Amino acid sequence: MAQLDAQKLQLIQELEIEMMADLYNRLTTTCYKKCIPPAYSESELAKGEAVCLDRCVAKFLDIHDRIGKKLGQMTTQDEAMMKK
Amino acid sequence: MSVLPPITSDAIDADQIRTFKEFLINYNKVSELCFTDCVNDFTSRNVKGKEEKCAYTCMEKFLKTNQRISQRFSEFQMLANENAMAAAQKMGGKVPS
């Protein structure tokens, strides 16, 4: 029993790591597209681009949190509805 | 079968494979991105000097962007961890579970 639980726990942990990696990948692609214009005259990040990236990361994660909370709310609501 | 403890060697392998996988994913991502942004002229089959230069600049910029995003991301994660720890401590004070 204890071994089964440990196995399950490991599966969940692996899934969590994979989801984190996926989130991170999406974050980089999205913020790159939103903040870096495709004119490559300079390899250094411009001031405006850097500020845009900082804000983009903050906002992306903020929205991620908000949607997660909303989804959780909706799921519990749905479950409560199903029980009735 | 093996004399060595399989768990540790498996763990190292899995970790290395993950890092390598991340690298490959990233590699494909930059090459696609910089190709789309830099190569638009198909009247010749050869990569022009301008296109090559653009691709290299694009790659460098991509790496710098990744670095910055990674810094900000870890800052947010640290903050989230601290909040979770504080919340757990608060809960632990009242209801040890």
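A quick word on what you're looking at. This is a predicted model, where local features need pLDDT of at least 70 and side-chain atom pairs count only at pLDDT 80 or more, while totals for chains, interfaces and linings use all residues; side-chain values use heavy atoms, with hydrogens and water left out. Residues are numbered from 1 along each chain as its sequence is written, and chains are lettered from A and ligands numbered from 1 in the order in which they are written.

Now for the cysteines. Searching the whole structure turns up 4 disulfides over all chains, a disulfide being a pair of cysteine sulfur atoms within 2.5 Å. In chain A, the bonded cysteines, counted along the chain, pair up as 1-4, 2-3. One of the links joins A:Cys35 to A:Cys52, with 2.0 Å between the sulfur atoms. A:Cys35 sits in helix H1 (residues 2-35) of chain A and A:Cys52 in helix H2 (residues 47-83) of chain A, so the bond ties together parts that are 17 residues apart in sequence. Helices here are DSSP runs of H or I with at least four residues, strands are runs of E with at least two, and both are numbered from the N terminus. The torsion about this S-S bond is -75°, a left-handed link.

Take B:Cys34 and B:Cys58, whose sulfur atoms are 2.0 Å apart. B:Cys34 lies in helix H1 (residues 6-38) of chain B and B:Cys58 in helix H2 (residues 49-94) of chain B, so this pair ties together parts that are 24 residues apart in sequence. The link is left-handed, with -80° about the S-S bond. B:Cys34 is buried at 6%, and B:Cys58 is buried at 0%.

The other chain B pair to look at is B:Cys38 and B:Cys54, a disulfide with its sulfur atoms 2.0 Å apart. Its S-S torsion is about -75°, so this disulfide is left-handed. B:Cys38 belongs to H1 of chain B and B:Cys54 to H2 of chain B, so the bond ties together parts that are 16 residues apart in sequence. Both B:Cys38 and B:Cys54 are buried.

So much for the links within each chain; on to where the chains meet. Chain A brings 26 residues to the contact and chain B brings 23 residues, with contact meaning heavy atoms within 4.5 Å. The area buried between them is about 2400 Å², with carbon and sulfur atoms giving 67%; buried area is the accessible area (1.4 Å probe) that two parts lose on being put together, summed over both. On the chain A side, A:Tyr32, A:Tyr40 and A:Ser43 lose the most area to chain B, together 28% of what that side buries.

Charges cross the interface as well: there are 4 salt bridges between chain A and chain B, each a side-chain nitrogen of Lys or Arg within 4 Å of a carboxyl oxygen of Asp or Glu. Among them is A:Glu44 with B:Lys64, at 3.2 Å from N to O. H1 and H2 of chain A each supply at least two residues of the side that touches chain B, and the largest share, 11 residues, comes from H1(A).

Key. Buried means under 20% relative accessible area, exposed over 50%, partly exposed in between (1.4 Å probe, protein chains only).
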